[in-house]
Amino acid sequence: MAWTNGSADLIGTWVVVKALSVVGGKFDMFTLEEVAAELEAKKAAGELDGDPEEMMSGFSSRTEFTADGKVLTWMKAPAGIPQEEIDKAVESGEIKAFKDGFFCLEEKEWKEENGEFLYNSHEHRELFGEVQSPWDKLELNEEGLLPFGGGMMMLRKL
């Protein structure tokens, strides 16, 4: 699916609507509802190791593409963190920023080149000993979702 309005289509906040998960013994892209149902069934059967909320925390992340070429990853902050702790974390650089109940964990880059949008994954890649580019193409799939994070999740613009 093509971008129709140039960078205006990309710039903004995106949420995770599907993520790589195991549901019903199948490893594939699943929605929050599908993963939650699987975890609830495992919990009821006594087969769940770990906290279901923590296991689904990736679905609460947000990815923001800014007009100045930044890609910001935002995670929902746990409830009850005092503002002074948040301020200290920002001042120390432990987190990049805090807004609307989310903290920014990392900042990367995106660019437009030859009519395509590219995202700097910052990954070191080699193929037959030759270093490959860390820049990944950003393309909407047939559902209008944006594969992201090396294909580990699908994003939808808010």
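This is a predicted model: local features need pLDDT of at least 70, side-chain atom pairs count only at pLDDT 80 or more; totals for chains, interfaces and linings use all residues.
View 1. Strand β5 covers residues 97-99 and pairs with β6 in the antiparallel sense, with three bridges between them. Two residues lie between the strands of this hairpin, and D100 takes a positive phi near 50°.

**View 2. Pairing of β4 with β6**. Strand β4 is formed by residues 70-76 and strand β6 by residues 102-113. Seven bridges connect β4 and β6, and the pairing is antiparallel. At L72, the bridge partner in β6 is E107.

**View 3. The β6–β7 hairpin**. Strand β7 spans residues 116-120 and runs antiparallel to β6, to which four bridges join it. K111 is paired with L118 of β7 as its bridge partner. Two residues separate β6 and β7, and N114 in the turn has a positive phi of about 55°.

**View 4. A patch of negative charge on the surface**. The patch gathers E84, E85, D87 and E91. One of these residues, E85, is found in helix α4, which comprises residues 83-92. Is E85 exposed, partly exposed or buried? E85 counts as partly exposed because its relative accessibility is 48%, and the partly exposed class lies between under 20% for buried and over 50% for exposed.

Definitions and conventions: Residues are numbered from 1 along each chain as its sequence is written. Side-chain values use heavy atoms; hydrogens and water are left out. Two strands pair if DSSP finds at least two bridges between them. Patches are made of residues with over 30% relative accessible area and no salt bridge: like charges are joined within 9 Å, nonpolar side chains (Val, Leu, Ile, Met, Phe, Trp, Tyr) within 5 Å. Accessible areas come from the Shrake-Rupley method with a 1.4 Å probe; for residues, only the protein chains shown count as cover. A salt bridge is a side-chain nitrogen of Lys or Arg within 4 Å of a carboxyl oxygen of Asp or Glu. Lys and Arg count as positive and Asp and Glu as negative; His and the chain ends are not counted. The place of a charge is taken as NZ of Lys, CZ of Arg, CG of Asp or CD of Glu. Buried means under 20% relative accessible area, exposed over 50%, partly exposed in between (1.4 Å probe, protein chains only).
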